[in-house]
Amino acid sequence: MIILIKRIISFVIFVLIGLVFYKKVIKGENIFFSRGKKQESESNSNVEKMEKDPVCGTYILEKTSLKLKSEGTMYHFCSDKCREEYISRLKK
Ligand SMILES: [Zn+2]
C-alpha cells in the first residue's frame, strides 16, 4: 500500500514537472511564432505600401495603383481618370 502511494506521488511530481516544461516550451514557441508573424506583417506592410494620389488625394495600395514616372519621381493614381488628369496638368 505504501509503495503504491509512493508511486502515485512520484508519478504526480513527474507529471507536474512535465507540465511545467511543456508550458515553457509552448510559451517559448508562442514568442517565437509571434515574432515570426510580426516580421511577416512588417514585410507585408512594405509590400502593401500606401501611396497618395496627387490628383484626388486618396490613398491607394502601391501594388494596385496606376503608376506614372515623371522626372524620376513615381506617382500613383487611383484610376485612369486621375492619371490622365495629371498628365494633362504636366502638359500645360
Ligand atoms: Zn484619384
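# A tour from the whole chain to single residues

Among contacts in the protein chain between residues at least 6 apart in sequence, 19% join residues at least 24 apart; two residues are in contact if their C-beta atoms, placed from the backbone, lie within 7 Å. This is a predicted model, in which local features need pLDDT of at least 70, side-chain atom pairs count only at pLDDT 80 or more, and totals for chains, interfaces and linings use all residues. Residues are numbered from 1 along each chain as its sequence is written.

**The whole chain.** Start by selecting the protein chain, which has two helices and four strands. Helices (H or I, at least four residues) and strands (E, at least two) are DSSP runs, numbered from the N terminus. Follow the chain along its sequence and the pattern is α-β-β-β-β-α. Of the 92 residues, 9% are buried. A residue is buried if 20 or more other C-beta atoms lie within 10 Å of its own, exposed if 12 or fewer, and partly exposed in between, with C-beta atoms placed from the backbone.

Next, colour by pLDDT, the predictor's confidence in each residue, from 0 to 100. The mean for the protein chain is 84, and 78% of its residues reach 70 or more. Among the elements, H1 has the lowest mean pLDDT, 74, while strand E2 (residues 59-61) has the highest, 96.

**Glu-48.** Select Glu-48, in the loop between helix H1 (2-47) and strand E1 (50-52). Glu-48 counts as exposed because it has 12 C-beta neighbours inside 10 Å. Leaving aside neighbours within four places in sequence, Glu-48 is in contact with Leu-61 and Lys-63.

**Glu-51.** Move on to Glu-51, in strand E1. Glu-51 has 19 other C-beta atoms within 10 Å, so it is partly exposed. Beyond its neighbours within four places in sequence, Glu-51 is in contact with Tyr-59, Ile-60, Glu-62, Ser-65 and His-76. For a distance along this part of the tour, pick Phe-77: it is 26 residues from Glu-51 along the chain, with 8.3 Å between the C-alpha atoms.

Select residues 66-70 (strand E3) and 73-77 (strand E4), which pair in the antiparallel sense over five bridges. Two strands pair if DSSP finds at least two bridges between them. To see the pairing residue by residue, show Lys-67 with His-76, which stands opposite it in E4. Then show Lys-69, which has Met-74 of E4 opposite. E3 lies largely in the open, because the number of its five residues that are buried is zero.

E3 and E4 form a hairpin with two residues between them. Select Glu-71, which is found in the loop between E3 and E4. The phi of Glu-71 is near 50°, a positive value in a residue other than glycine. Glu-71 counts as exposed because 6 C-beta neighbours lie inside 10 Å.

**Arg-89.** The last stop is Arg-89, in helix H2 (residues 80-91). Arg-89 has 10 other C-beta atoms within 10 Å, so it is exposed.
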